[in-house]
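This report describes a single protein chain, moving from its overall layout to its surface. Please look at the sequence and the model together before reading on.

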Amino acid sequence: MARKRQSSSGSSSSFAYEENQKVRCSCGNYAVVRSVKKGPNSGMKFYGCPLWPDTKSEMFRWVNQSNPMEYLQYHVLEKETRICELEYEQQCRDDKIKRLQLKKDNLEEDVQEMKSEVYAMRVEMMNCSRSEKNLSMALVFSWIFFAVVLFYLKF
């Protein structure tokens with residue numbers, strides 16, 4: 001079933017003039033004026049097929065498209081704004097990358113310091129282990145020496 005919508009007049013006289021113009025769709029019927037409900041063009045008016053979505057007609061034209069220069073200037077401004085937003089996002093990412101790089105460098109320095117400390121502890125443990133072995137050997141030899149001296153004293 002075909003749905004018909006009434007066109008509403010815009011707030012400015014140029015919109016009212018353009019909305020009252022009779023624009024034909026590719027299906028042969030007069031186009032209806034609709035408003036964008038979501039997205040960056042929210043609130044903007046456009047001509048659309050009166051039979052949509054029941055037809056495959058893809059008629060679309062902005063209501064204020066009668067002045068192509070204004071339309072193009074608007075889109076250039078829109079694109080420039082998007083470019084500025086993307087450049088700002090890129091700058092934020094670059095700053096974050098720099099901060100993370102500094103943090104990474106600091107962590108790498110900390111890891112190197114820890115490796116040095118672990119190596120020093122290992123050397124110290126090896127030295128302690130050697131000292132312990134030497135003390136154990138000295139204790140064994142002293143007991144043997146004591147046993148030998150005691151054995152000679154008895155005989």
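## Overall layout

Which pattern does the protein chain follow when read along the sequence? In this predicted model, the order of elements along the protein chain is α-β-β-β-α, and the chain accordingly holds 2 helices and 3 strands. Of the 155 residues of the protein chain, 15% count as buried.

Asp 110 is classed as partly exposed because its relative accessible area is 36%, a value that lies between the limits of 20% for buried and 50% for exposed residues.

## The annotated transmembrane region

An unreviewed UniProt entry lists residues 135–153 under "transmembrane region". In the model, the span of residues 135–153 is 100% helix and 0% strand, and its end C-alpha atoms lie 26 Å apart.

## A nonpolar patch on the surface

A nonpolar surface patch is made up of Met 137, Val 140, Phe 141, Ile 144, Val 148, Phe 151, Tyr 152 and Phe 155, which together have about 920 Å² of accessible area.

Key: Residues numbered from 1 in each chain as written. Predicted model: local features only at pLDDT ≥ 70, side-chain atom pairs only at ≥ 80, totals over all residues. Heavy atoms only, no water. Buried < 20%, exposed > 50% of the residue type's maximum accessible area, 1.4 Å probe, protein only. UniProt positions renumbered as here; feature names shortened; annotations may be inferred. Helix = DSSP H or I, 4+ residues; strand = E, 2+ residues; numbered from the N terminus. Patch = residues over 30% accessible without salt bridge, like charges linked within 9 Å, V, L, I, M, F, W, Y side chains within 5 Å. Areas by Shrake-Rupley, 256 points an atom, 1.4 Å probe, with all protein chains shown as cover. Salt bridge = Lys/Arg side-chain N within 4 Å of Asp/Glu carboxyl O.
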